[in-house]
Protein chains: 4
Amino acid sequence: MSERQPRLSRADLRVFRVIPTRWHDNDAYGHVNNVVYYSWFDTAVNAWLIENGFLDLGGSEIVGLVVETACTYFESVAFPETVEAGFAVERLGTSSVTYRIGIFREGRDQAAAQGRFTHVYVGRADQRPVPVPAALRAALADMRA
Amino acid sequence: MSERQPRLSRADLRVFRVIPTRWHDNDAYGHVNNVVYYSWFDTAVNAWLIENGFLDLGGSEIVGLVVETACTYFESVAFPETVEAGFAVERLGTSSVTYRIGIFREGRDQAAAQGRFTHVYVGRADQRPVPVPAALRAALADMRA
Amino acid sequence: MSERQPRLSRADLRVFRVIPTRWHDNDAYGHVNNVVYYSWFDTAVNAWLIENGFLDLGGSEIVGLVVETACTYFESVAFPETVEAGFAVERLGTSSVTYRIGIFREGRDQAAAQGRFTHVYVGRADQRPVPVPAALRAALADMRA
Amino acid sequence: MSERQPRLSRADLRVFRVIPTRWHDNDAYGHVNNVVYYSWFDTAVNAWLIENGFLDLGGSEIVGLVVETACTYFESVAFPETVEAGFAVERLGTSSVTYRIGIFREGRDQAAAQGRFTHVYVGRADQRPVPVPAALRAALADMRA
């Protein structure tokens, strides 16, 4: 539906996470509600950050704050399907990183939905921007689209 | 988006709905999770459609399918705050309508977050685009930003 | 539970909170999903605790941990209805408090759903039980059913 | 925390479903919110019903309505953990079925949380109780705890 963006395929992305749908992902129309896709974005990126040691919920003094997100929907998905969320780094700034993300139904190479989301790194106490930490920056640089 | 759009104020919007936050709108960072704002968009627009007779969940043969959404976040919000979601029509096409939406904290005139979302009207059975129904089109035309 | 408990009316409860439903409270059956009622319980009790100074999300060293919940459903509710959640203290122990809660549709005196939930007070750091703080205990004693 | 029930182990249950946590399953305390466990109950049971042909969201004229649920919490769980939801049939009535459900952390044999939920079968149109359909009844009889 977006004239601006071509539809993503798996080759456009670097890291994938399997996400089974849940009963109440579906809304009154019997398909996964548009809002739920954003929870999958959050889940895929934050799980990768935590599992690779870049985010410790109890201890990190620097955290990524979401400042902008967007999603375009091409095909509907319904419980009990399992999807994959794939992402890559689209833009890496001094304090910010923008991910592109695709949601794939099983066995499909074209995204059912795709979007972006941007983290700005801030000090957890004062919520002011700080540079993306060096180790994370290096990892993100390798995940460029 | 943040560079392209000025921050919305209440005068930029036409219809407002009061939405109290809920305990679990907050995420592990102690603020309302970015995903939740989209549930407020959905709620404000669909409540208006239902309460004005343009959508009947049980009976409507034509429904709005969300095909694109976006949100930019300026300030955080936390439970137990109450927010207001305000919206107006930004673009009215043959089969589609794009709303602009702002989320306002109590007593504030500048949006804490703002976004857009686009409904494409489809037949409920075949999910194919149809023109926006005439009565709804007239109402939407009066809600232009 | 349904055989053991009479259906609650408003007079059985002490504190009420208005909670508008949201679009995605409804599930694929077009009614509010059973899970959502528990989010209303959490919201009503925690809002009361915060607004009366008994819980400070940033600073409290003692917090209530939910250890048991239950709900019985009598009538369905659907978006865009507004409900009221009412509660009272059913049992006040050394470290724990059990609330009874009713969910009321507009203009109804009998609960559409009702349940209980039990908080055990723990130290936030070590998660070990501690006595219910004295000021809170006094307030809870006044809210007995 | 329940004096009445022993803590469930995997041997007490019949069917298991792997459920990865999501970022926003965690609440402001940094652990999975108590409400979310009920969404896992719903997901495990309904996925089993759909995948075994006992529930067709588009077409079934008879559906299970949730009339009672309960959960006791023993240990906290946090994103990005993956849990397993296991269930068995505790009571099979004429129109109703009560499941016992346990939530297990990886590698653990004792439930981190456990509960029950009861479906009453109703006609989708009139919402009146009907007997549990025969094929489903036979399958449920084999899943007794």
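Modeller: Let us begin with terms: two strands pair if DSSP finds at least two bridges between them, where strands (E, at least two residues) and helices (H or I, at least four residues) are DSSP runs numbered from the N terminus. This is a predicted model, in which local features need pLDDT of at least 70, side-chain atom pairs count only at pLDDT 80 or more, and totals for chains, interfaces and linings use all residues. Residues are numbered from 1 along each chain as its sequence is written, while chains are lettered from A and ligands numbered from 1 in the order in which they are written.

Colleague: In which sense do β4 and β5 of chain C pair?

Modeller: Strands of a sheet pair through backbone hydrogen bonds, either parallel or antiparallel. Here β4 (residues 96-105) and β5 (residues 113-123) of chain C are antiparallel, with 8 bridges; T98(C) lies opposite T118(C) of β5(C).

Colleague: Which strands stand at the edges of the open sheet?

Modeller: The open sheet has 10 strands, ordered β1(C)-β3(C)-β4(C)-β5(C)-β2(C)-β2(D)-β5(D)-β4(D)-β3(D)-β1(D), with antiparallel pairing. β1 (15-20) of chain C and β1 (15-20) of chain D are at the edges; each has a single partner strand, so one side of each lacks a neighbour in the sheet.

Colleague: How many residues does each of chains A and B bring to their contact?

Modeller: Residues are in contact if their C-beta atoms, placed from the backbone, lie within 7 Å. Chain A brings 19 residues and chain B 19 residues. On the side of chain B, β2(B) gives the most, with 9 residues. Strand β2 (residues 62-73) of chain A runs antiparallel to β2(B), joined by 5 bridges, and T69(A) has C71(B) as its bridge partner.

Conventions:
Two residues are in contact if their C-beta atoms, placed from the backbone, lie within 7 Å.
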